[in-house]
Amino acid sequence: MVEVYDRLAALVAARCPDTPVLLLRPGLLERTAAAVRAAFPGEVWYAVKCNPLPQVLEALRRGGVDCFDVASIGEVRSLRALLGREVRLAFMHPVKPEEAIIEAYRDWGVRRFALDSAEEFEKIRRVTAGARDVELVVRLKVDDRKARLPFSGKFGADPSEAAALLRRVRREYGFCGLTFHVGSQCLDPGAFVRALRCARWVVEAAGGVDLLDVGGGFPVSYVGSEPPFAAFVEAICETLAGWPDRPALACEPGRLLVAEALSLLVRVELRRGSKLYLNDGVFGHLSELRSLGPGFPMRVVLPRRRAPLEGFTLYGPTCDGEDVMPGPHLLPGDVRTGDWIEIGMMGAYSVSLRTGFNGMPEGELWVLEEDVGIGGRTGSRLVRAA
Ligand SMILES: *Cc1c(COP(=O)(O)O)cnc(C)c1O
């Protein structure tokens, strides 16, 4: 039987869910995908690790995204199983097991691979037996201090090393690409301008590239002051306008495409002063409430609460001392034990980072279908995912 509710509060009232509920808006995913593709003058590769739910991937596909950035052979297999041979896959982890490269190339038609070392170059060349249709993309280390979640400590070749690698790639393959990642939830378009300046030096030292992949990191709006995607596209295009030979462009957004399209319904299991103990936390879907900090939009959906907002610290349901999300998370001051809270903007790095630690339950997935007739009017309804 299909369970259908026309409003979130109706779902809560009827089912009193005691496990976290994921509320997915596929229509919004489709529109975001189409808007990002229209706004960006190049290939748009979705970074699958950000949210690999089949319903998310299918909605992005319907929105016109047909390129997927994967980082493991597991992602390669599941993408092919779900979306078939029509979509393009790029294996953008700079350090890959040999078996994964072989299987991706031979069995799944993956042609684009990232690398940031001479050893990885040799590895790819050896295990693909020097196949000429491989597209290699060199990952450059850039300054990511303007991102809320940096990661260039882990990946990327220094500029001179990157230039040397590109020269080798070009010599042996004809095609070569350069990529970088400014870090996730990057709040400064200038970070891309600086990364591109560094990239330009590398490109000139290498004698040109065919592809420039500016990575992901584009922010979404949690608190409202984050610059829009258009500001990043403009900064990138203005910077590239000064380049003598503009290579083809690509980007790899994760968060930007999926954050807004999923919210999470959680229950308050206990209120103690300004501490709220929830049925979800850092080891469930909420690790970003700890890593990014407060600012995620949240509201009490049932019952209705009207008191002025106050700041709360949130605690997850496991016994681990790290399972805390320091505030101030803003909620009505009269929120109580037993209330249900909807946390918005939860599509990125939530489902994908969930663990089963301490018996954490998997969230129930509900899908908001839009433009369906309800009692004679057009609107939306919530349907439990199969
Ligand atoms: C994680 C990742 C992305 C996506 O990053 P967002 O900050 O979610 O946009 C893109 N490219 C690579 C190589 C990644 O590892």
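**Entry 1: the ligand's surroundings**

I call a residue near a molecule or strand if one of its heavy atoms lies within 4 Å of it. This is a predicted model, where local features need pLDDT of at least 70, side-chain atom pairs count only at pLDDT 80 or more, and totals for chains, interfaces and linings use all residues. Residue numbers start from 1 along each chain as its sequence is written, and side-chain values use heavy atoms, with hydrogens and water left out.

Which residues come nearest to the ligand? I looked through the 13 residues around the ligand and found that K49, S184, G217, E252 and Y349 come nearest. Sorted by class, the shell has 3 nonpolar, 5 polar and 5 charged residues. My classes: Ala, Val, Leu, Ile, Met, Phe, Trp, Tyr, Cys and Pro are nonpolar, Asp, Glu, Lys and Arg are charged, and the others, Gly among them, are polar.

**Entry 2: contacts with the ligand**

I checked distances to oxygen atoms of the ligand. S184 has a polar side-chain atom 2.4 Å from a ligand oxygen, and K49 has one at 2.8 Å. With G254 it is a polar backbone atom, 3.0 Å from an oxygen of the ligand. Next I looked up the cover: the protein hides 92% of the 380 Å² of accessible area that the ligand has on its own (Shrake-Rupley method, 1.4 Å probe; for residues, only the protein chains shown count as cover).

**Entry 3: salt bridges**

I noted that side chains of opposite charge can pair when their charged atoms come close. How many salt bridges does the structure hold? I got 25, taking a salt bridge as a side-chain nitrogen of Lys or Arg within 4 Å of a carboxyl oxygen of Asp or Glu.

I picked out E288 and R255, whose side chains meet at 2.8 Å, N to O. This pair links distant parts of the chain, 33 residues apart: E288 is in helix α11 (residues 287-291) and R255 in helix α10 (residues 255-258). Helices (H or I, at least four residues) and strands (E, at least two) are DSSP runs, numbered from the N terminus.

Are these two buried or exposed? E288 is buried at 3% relative accessible area, and R255 is buried at 2%. Buried means under 20%, exposed over 50%, and partly exposed in between (1.4 Å probe, protein chains only).

Then I looked at R354 and E362, a salt bridge with its closest N and O atoms 3.6 Å apart. Here R354 is partly exposed at 23%, while E362 is exposed at 60%.

Notes
Polar contact = N/O pair within 3.5 Å; in protein donor to acceptor, adjacent residues only side chain to side chain.
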